[in-house]
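Okay, thanks for coming, everyone. Let me put the structure up and then walk you through a couple of parts of it.

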Amino acid sequence: MKKTGDKTRLVVIGNGMASSAFLEELVRIDPERFDITVFGKERHPNYNRVLLSHVLTGEKTLKEIMLHEPAWYERFGIKLRTGVKVTAIKRGRRSVTLEDGGEVPYDRLVLATGSLPIIPKITGIEKEGVVTFRDIDDCEKIRGLSSGGSKAVVVGGGLLGLEAAWGLKKLGMDVTVVHLADRLMERQLDGVAASFLLEDIERLGIKVLLKKETAEFEGDGRVENVRFKDGETIPACLAVISIGIRPNTELAVSSGIYSQKGIVVSDTMQTYDPAVWALGECVEHRGATFGLVAPLFEQAAVLSNHLAGDCRLVFSQKPVSARLKVPGIELYSAGNADLSGGVESVEYIDRGERIYKKLLIKEQRLEGIIMYGECAAGPYLFTTLLRKDDISGRRGSLLGVAAGSSFRQADSMPDDAIVCGCNGVTKGMIKEAIEKKGLFTREDVKRETKASGSCGGCSSIVDMLLEETLGSSFQSAAGAQSICGCTRYTRDDVIKNIRERRLTTVSAVMETLGWETVGCDSCRPAINYYVSMVWPAEGTDDLTSRLVNERVHANIQKDGTFSVVPRMWGGATTPMELKRIAEAALKYSVPLVKLTGGQRIALLGIKKDDLPGVWRDIDMPSGYAYGKAVRTVKTCVGSRYCRYGTQDSLAAGIELEKVFNGLWMPAKVKMSVVGCPRNCAESAIKDIGVVGVAGGWEIYAGGCGGIELKSAEKLATVKTAEEVIEITGALLQCYREEAEYGERVFKWIGRKLLKEVKKAVVDDLENRKALFSRIKEAMNRVSDPWKERIKRAL
């Protein structure tokens with residue numbers, strides 16, 4: 001293989017958004033592997049095509065929508081050649097031929113040639129004034145042809161066509177949208193949403209003609225009129241064609257690379273030539289082509305993963321979401337908008353407020369989302385759709401989420417969920433930037449990640465992630481905040497009313513406090529927890545206010561199956577338990593049996609209908625791996641077997657777990673008990689850690705072994721295991737009563753300060769015993785949910 005120095009020669013043809021995302025990911029993973037040359041047919045560096053309508057109106061400049069300036073390429077040693085067209089690929093010689101006759105060799109070749117606008121066969125389409133709307137040159141051409149008060153026609157009433165129409169309207173033109181279908185955006189909207197859209201587009205001063213087919217562009221050299229097949233004619237000095245795109249396969253086809261609708265690629269983005277890969281709008285994958293940006297970012301991640309040598313990712317097609325970037329119009333659509341094929345719908349409509357929400361459901365899973373007028377919940381619902389969550393028993397609450405005035409449940413979105421579709425920025429990328437670069441505001445996030453910097457549709461989610469990641473720091477800067485956008489009440493307000501008015505149900509709280517909506521997936525679980533915390537005996541657990549994992553009592557996996565993690569006291573088990581687990585795994589064809597980091601065994605890939613049977617057959621308590629509860633108490637063998645052990649950590653850990661297992665908490669709680677300071681069960685990074693020392697035990701609190709690595713701090717030194725249990729119980733109850741719902745122990749202690757916690761649960765003996773008494777009362781109400789479900793199934 002020919003190389004430049006020690007580097008493999010990589011040539012990329014195309015410098016659009018797909019190419020940009022691929023290069024960005026590749027140099028992040030392995031910046032030294034390749035000698036990279038990029039050819040772009042346009043004379044400009046790459047830019048965000050999503051924002052073309054903003055450039056058309058003059059709201060943004062080319063510089064403002066650039067993805068990477070020339071300095072970025074220089075920093076990574078990438079040779080960027082703009083305004084250069086590649087005319088041929090000589091696959092036998094592994095080289096590309098340029099328009100000027102030059103030839104550039106490659107070891108690996110990536111095709112990112114994008115798409116071409118579909119040009120209909122209409123008489124006169126070659127006339128001056130008939131243009132497409134796909135790139136910066138088109139914007140400049142349209143601006144040059146437009147003049148205030150003159151008439152323009154946009155052929156096509158899809159996303160890009162409507163955005164072009166708005167751009168022309170902003171330029172002062174008299175605009176008419178001509179659309180062949182009976183409604184605008186028919187691929188994304190149903191009749192109700194499309195009717196709202198039509199009214200709002202016309203309210204902006206844009207005329208719309210539906211069910212119109214263009215027959216001819218009339219005029220002497222330049223378009224003057226547009227004639228339709230029904231004989232009607234309207235004047236126009238500018239006609240913008242925006243009826244769709246097709247993959248640009250011309251270079252690939254002329255070079256013998258197998259193509260059909262697009263350049264055919266495998267799940268790894270490789271073409272039929274093993275030295276050639278492709279991505280973006282030019283490709284065809286399993287019969288599908290791509291016109292929105294979200295799949296391009298995933299393709300970029302897959303391709304960079306393979307070229308960097310890791311080779312673990314594969315591309316799979318997923319539903320896509322779409323927003324219309326026209327000021328004053330809130331519209332969000334995702335997945336399937338068609339009710340055929342056994343699809344049901346749940347709908348909310350308020351014609352006075354011009355709000356419409358529709359969830360399309362098949363076999364208790366979201367198939368599609370249509371939102372008009374209020375779209376804050378769109379990204380969360382889209383995540384629910386992508387994960388194929390079972391929403392049985394939750395259909396009404398999901399619609400309640402969609403109908404709410406705002407939405408804050410960002411923590412249920414996975415880290416790989418795309419928050420900013422315009423720039424391919426995921427939740428994980430935003431959180432990492434907030435944590436590692438010390439970001440505090442949306443403007444900080446916009447500057448570092450580009451999220452919320454384009455259409456602005458993800459701004460509310462960015463704010464949620466700032467709050468979720470900064471926790472108390474965010475709240476102290478912003479002051480007391482309501483528990484979600486559905487209400488003005490804070491956490492303390494809600495708990496005070498629950499206690500003073502003796503409210504024992506979620507519905508009673510919401511009715512008494514005058515909730516503005518039916519609640520959302522942020523406030524309802526929090527209220528449900530607060531009710532049970534204040535009134536452990538009288539409070540009613542509202543299952544509709546729990547998320548899917550807690551309702552099903554198992555963690556849902558990415559493929560829609562579930563995991564079962566039984567309780568193993570202190571990480572100890574017996575031959576009979578292992579036998580029952582093995583027999584159940586065989587009986588239900590469990591695809592993966594795995595040891596967990598919490599010293600337990602997980603059975604993964606179990607169908608929902610098989611859960612009660614698995615629970616019955618293994619005959620073990622629930623491990624609460626799915627819940628905001630006390631999950632595990634990890635132990636070492638301690639003095640019972642270890643020659644270094646100073647205390648019987650195994651017995652103490654098992655007792656601690658049996659006392660507090662399954663108790664509902666603001667967030668998950670993990671504990672550990674070790675027999676000596678060698679810390680073989682990581683007590684130093686647990687929510688609560690207990691360490692055996694000569695003559696007694698040390699109790700630590702506030703550790704974390706996750707993304708935010710934090711060492712626990714010493715809370716107390718005691719002599720007996722009974723004191724360990726009492727102080728641990730007091731600490732847990734104090735945490736239960738004072739923490740925000742969803743706030744981990746280490747976050748709570750950081751906000752409250754350890755000395756205050758120590759004073760409340762260690763030094764003040766009377767308060768400690770009162771806290772312990774309250775947690776014992778709460779524990780008396782805990783039952784094993786698996787056994788309860790098995791009883792109901794009999």
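So, how far does helix α20 reach from its first C-alpha to its last? Keep in mind that we're looking at a predicted model. Helix α20 runs over residues 575-587, which makes 13 residues, and it reaches 18 Å, close to the 18 Å expected at 1.5 Å a residue.

Now, which residues of α20 are buried? They're Glu577, Ile581, Ala584 and Ala585. These four sit on the same side of α20, because they cover an arc of only 100° around the axis.

Just after the helix, have a look at Ser589: its phi is positive, at about 50°.

Okay, over to the cores. The largest nonpolar core has 71 residues, and the ones touching the most other members are Phe22, Ile36, Val96 and Leu111. Helix α1, residues 17-29, gives the most to this core, with seven residues.

Let's zoom in on Phe22. Setting aside neighbours within four places in sequence, Phe22 is in contact with Leu10, Val12, Val110, Leu279, Ala300, Leu303, Ser304 and Leu307. Apart from that core there's another one, of 48 residues, with Phe196, Ile206, Leu324 and Leu331 among them.

How values were computed: Residues numbered from 1 in each chain as written. Predicted model: local features only at pLDDT ≥ 70, side-chain atom pairs only at ≥ 80, totals over all residues. Heavy atoms only, no water. Core = buried A, V, L, I, M, F, W, Y, C linked by side-chain atoms within 4.5 Å. Buried < 20%, exposed > 50% of the residue type's maximum accessible area, 1.4 Å probe, protein only. Helix = DSSP H or I, 4+ residues; strand = E, 2+ residues; numbered from the N terminus. Contact = heavy atoms within 4.5 Å. Expected span 1.5 Å × (residues − 1). Arc of directions from axis to C-beta.
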